[in-house]
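Please keep the structure in view while working through the points.

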Amino acid sequence: MAESAASGAGGADGAALGFARHHAFIVGINAYQNNISPLKTAVGDATKLAEVLRKHHQFEVHGPLLDATGAQLRECLQQTMPQQVDADDRVLFYFAGHGIAADGDDGPAGYLVPADAQPDQLDSLIAMAELQTALDALPCRHLLLILDCCFSGAFKWSSLHRAMGMWTPKRIYQDRFKRFAHDPARQIITSAAYDQKALDVLQGKATGFRDVASSDGSVQHSPFALALFDGLEGKADIKSEREGDGVITASELYCHIRDLVEPATLKEGERLRQTPSFFPLKGHDKGEFMFLHPRHRLNLPTRAADQPPFKGLAAFDEADKHLFYGRDRVIAALKAMADDPLNRLIVVVGASGTGKSSVIKAGLLPLLRASGLHIMPTLRPGAQPMVALEQVLESMRAQPRGASGSTRDSAPAEASPGKAVLLIDQYEELISRCADPAERQAFDRCLRNLLDDTATIAHLIITVRSDFEPQLSSGALQDAWANGRYTLPPFSLDELRQVIVMPTVQEVLIFDPPELVDRIIGEVVQSPGALPLLSYTLSELYAAYQRSGRADRALRASDYEQLGGVMGALSTQAGVLLDSLDAPARNTLRKIMLRMVSVEGDLASRRVPLDDLNFSDAEAPLVSAVLDRLDDARLIVQGQDDARAHRYVEPTHDALVRAWKTLRQWIRDAGRDKLIQGSRLNAAARDFAQSGDAGLLWSDSPYLPMLQMDMEDTEQRWFNAAEMRFIDRSVALRNDKLLQAEREKVRVLLSLFSSLQLTLKDGQPGSVCVRPGCDTAPQADGQAWIPISRIPEDIPGYADGPPRSRDFIVARHFGAGRVLVYAHDALTRDSEVRPGSDNLVFAENALRWLAPSEERGQTIVFWPGTYMGLSEMTLVREFVKRRRWSMTTASPATLENKLSTAGILWWASDWNPPKDFATRHVPMIEAFVRAGGGLLVGGLGWSYLQYAEKKPPPPYAADVLGHPFGFSFTNDAFQYDVRESIPLTPGR
């Protein structure tokens with residue numbers, strides 16, 4: 001028979017829950033039969049709970065069933081409960097007694113033990129699966145199952161819901177309260193894990209803040225039951241502001257029980273440890289089983305219509321603590337450290353983007369403030385840390401304790417003198433922003449003095465990026481650093497889910513479809529610095545909902561797809577940053593981002609050592625500023641390689657390098673092949689910088705000319721300083737090698753001609769002008785002209801006085817071919833060849849040098865001169881024939897055809913070439929030489945002007961031919977001094 005509910009403080013607001021009836025089915029068993037050991041508290045616990053539920057929470061208590069048999073329990077489950085419960089009702093089922101666990105097909109199988117159970121007969125027990133089936137059949141909207149028995153956690157294996165569900169928001173608004181009451185809720189609280197025994201009485205006394213006995217002085221209760229009563233009488237109403245909201249959710253009730261039972265049982269030894277648990281049952285869907293505070297008004301705030309549930313890229317502060325989720329284990333660990341009087345310094349270490357600032361400001365500081373500590377304004381060192389510290393200390397002196405740093409929804413208690421907390425946020429700024437080493441040391445010493453001054457500071461809390469920690473942990477705080485150090489762990493999957501879902505639960509939003517949550521988690525779970533990336537994407541999703549004008553409170557997958565997911569959100573943020581930069585900063589950003597991509601295979605992000613971003617001393621401040629902007633925009637994360645202690649940067653997510661169109665265009669402009677080669681260049685430059693081994697330089701690399709050209713392109717290059725030094729050294733070594741090779745070629749060339757004994761009978765020694773002495777010569781390519789030989793001074797018979805120049809042979813490379821020029825053209829005529837002279841040796845050496853390759857053959861095409869025909873060179877033709885070469889005469893008409901199979905063109909001094917010589921034949925000869933042919937040119941040894949019949953004379957054909965190659969024949973090209981030999985004008 002149901003007992004009527006008594007009215008209480010909660011009764012006045014009972015209708016607010018919206019249920020027709022509140023049913024409580026309560027079982028408590030002490031008196032066990034069949035040699036099963038009796039219990040002391042189960043009946044008293046059941047009786048007391050019935051009283052609490054009737055008196056304070058308007059429940060109709062059915063029973064309670066005290067010392068119930070198996071038949072009575074099954075009658076309750078199979079008949080009484082189905083007959084009493086309707087769809088608009090809610091049900092609480094409580095069991096206190098023995099429980100056992102046995103091996104089942106799918107994990108531990110739990111059983112409730114009735115008073116008449118037979119220990120050796122499982123069918124005399126109530127299987128938890130049987131209990132689950134009976135509860136599933138109930139039509140009620142809300143159900144709470146509470147099991148205070150041994151191995152009660154095994155019920156998890158009887159339920160289809162295995163995951164733990166802690167989804168109660170920190171602040172319950174009126175519309176969320178209505179949703180909680182309206183949506184299905186089926187939840188369970190168990191007193192012990194599946195492998196633990198529930199305690200009847202702990203070492204002769206119950207745990208908690210109550211005495212062993214109840215108000216009548218005779219009844220004892222289990223530790224779990226005492227915590228349960230305590231919570232239902234109001235203690236489980238968590239205060240988010242100055243007072244509770246008047247609502248006790250099942251989640252809050254569980255947390256209250258757990259926080260009382262587990263620590264108290266653990267103090268008695270691991271053997272007695274008891275771990276309550278809480279999880280949803282089959283049929284649970286977004287609702288929450290709730291109790292109204294028995295002595296407190298319902299205090300539910302009205303939700304601001306436009307309040308966003310996510311912070312975007314901003315850090316959480318104390319005012320945002322109701323939106324801060326996913327870090328409960330971290331906050332608990334930090335609070336435990338703060339409760340230890342030895343931990344006056346707390347150092348929170350973590351990589352960039354892991355939420356160090358948020359976990360302190362929105363997690364730990366509210367707890368410290370609630371405990372009576374005075375929270376000083378947060379300090380960031382910045383460029384002038386001493387100024388910043390003095391401002392914080394001055395504000396503390398000017399404000400009464402408890403006022404500084406308070407927020408509209410914090411509840412600062414009246415603090416005692418000496419109980420202050422100072423947070424130094426982003427401690428790495430002491431290095432990254434402060435350029436004065438003396439000020440850094442002074443700031444560090446001041447912190448040390450504050451830490452030692454127990455009259456002022458209770459706790460000094462520091463957040464620091466892990467990559468900077470080695471440089472900061474060895475200062476004045478070194479002795480306290482290790483003991484107070486806490487490394488922020490990465491988010492678990494469940495914590496990421498809380499980060500996403502709980503703010504929407506808070507602000508009465510839903511994900512449509514619910515699977516969108518898993519999709520978002522999948523995009524960020526492997527990302528460094530996942531928290532800001534996740535928060536930014538979610539804030540953009542909420543903004544899309546606001547822009548839609550819908551009132552369904554649904555964050556839709558279609559909006560997420562329209563944003564491009566995480567990838568699109570990142571790309572948008574990157575574009576905003578780029579637009580805010582001036583041209584030099586944009587160029588620096590381009591160079592930084594190109595180094596953070598990997599293009600070998602699929603496009604991906606790449607971790608880059610920070611010293612790889614040293615482009616030049618002049619650009620270093622700009623690099624630092626751009627990195628700060630990227631970091632503030634959460635587009636990169638910075639960290640430290642534990643293995644090598646090197647600081648690094650990397651994109652927050654691969655999505656940035658894949659989705660940002662501007663970056664993809666930069667990659668196309670640079671060229672994937674060049675980026676791949678750049679990564680190899682970086683490795684080589686690093687190896688060279690570390691070893692100094694010149695053998696590592698790329699002097700023989702075919703890529704060096706391309707790299708040299710890229711380095712000279714100051715607008716597009718992205719090499720760092722070490723790579724540019726490597727390229728410079730490689731180019732210098734290559735040039736040294738080329739110079740040595742050129743010297744060797746000169747040596748070989750000179751050995752062919754320099755010691756020859758040449759004779760001239762009818763002619764006089766002439767001069768050859770080469771660039772830059774020939775004003776009409778064009779810019780020539782290839783190597784410089786090399787002077788080869790001089791006419792001996794003892795040659796008699798100068799008709800016109802001393803020679804203008806004793807040098808008369810020069811040579812050079814031109815394209816793939818070679819050119820050799822000599823004056824006078826009569827040198828190889830039969831009449832000039834005297835016994836003992838080397839004129840023919842000169843001709844042979846010249847021909848050999850001009851056609852060293854057999855690939856083009858040794859066919860010599862001879863273009864006759866005005867005074868020099870092939871018939872006058874019988875001695876030359878004989879040695880050519882002996883060496884199995886061939887020599888043939890070409891006319892202007894046959895030149896092109898004969899050059900196609902020739903290796904050398906020998907051009908004599910033709911005073912009367914065809915009219916199209918300059919336009920047709922000279923380009924033909926130039927192309928022949930560029931392609932690898934040899935050109936031998938003999939010309940006048942005196943000025944053409946002196947012998948021309950016409951005044952002014954037509955151009956000298958040899959000079960016309962010399963124009964593309966950069967030579968001409970003259971006797972007026974040099975200053976003349978009879979006391980010295982006249983050197984040939986240098987070719988460079």
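1. Helix α1 (residues 42-57) and helix α5 (residues 223-235) have axes that come within 11 Å and cross at roughly 5°, and α1 and α5 are therefore roughly parallel to each other. Angles under 35 degrees count as roughly parallel, over 145 as roughly antiparallel, 65 to 115 as roughly perpendicular, and the rest as oblique. Axes are lines fitted to C-alpha atoms, for helices over the stretch in contact, with angles from 0 to 180 degrees between N-to-C directions. Helices (H or I, at least four residues) and strands (E, at least two) are DSSP runs numbered from the N terminus.

2. On the α1 side, the contact (heavy atoms within 4.5 Å) is made by Asp45, Lys48, Leu49, Val52, Leu53, His56 and His57, and on the α5 side by Ala225, Leu228, Phe229, Leu232 and Glu233. By class, this contact of α1 with α5 has seven nonpolar, two polar and three charged residues. Here Ala, Val, Leu, Ile, Met, Phe, Trp, Tyr, Cys and Pro count as nonpolar, Asp, Glu, Lys and Arg as charged, and the others, Gly among them, as polar.

3. The model is predicted: local features need pLDDT of at least 70 and side-chain atom pairs count only at pLDDT 80 or more, while totals for chains, interfaces and linings use all residues. Residues are numbered from 1 along each chain as its sequence is written, and side-chain values use heavy atoms, with hydrogens and water left out.

4. Leu749, Leu752 and Phe753 of α25 meet Phe842, Asn845, Ala846 and Trp849 of α26. The residues of this contact divide into six nonpolar, one polar and no charged.

5. How many salt bridges does a search of the whole structure find? The search finds 33, a salt bridge being a side-chain nitrogen of Lys or Arg within 4 Å of a carboxyl oxygen of Asp or Glu. Side chains of opposite charge can pair when their charged atoms come close. Arg465 lies in strand β16 (residues 459-465) and Asp631 in helix α20 (residues 620-632), so the pair ties together parts that are 166 residues apart in sequence.

6. Two backbone details deserve attention. A cis peptide bond, with omega about 0°, joins Asp512 and Pro513; Pro513 is in the loop between β18 (510-512) and α15 (516-524). Asp67, a residue other than glycine, has a positive phi near 50° and lies in the loop between β3 (60-66) and α2 (70-84).
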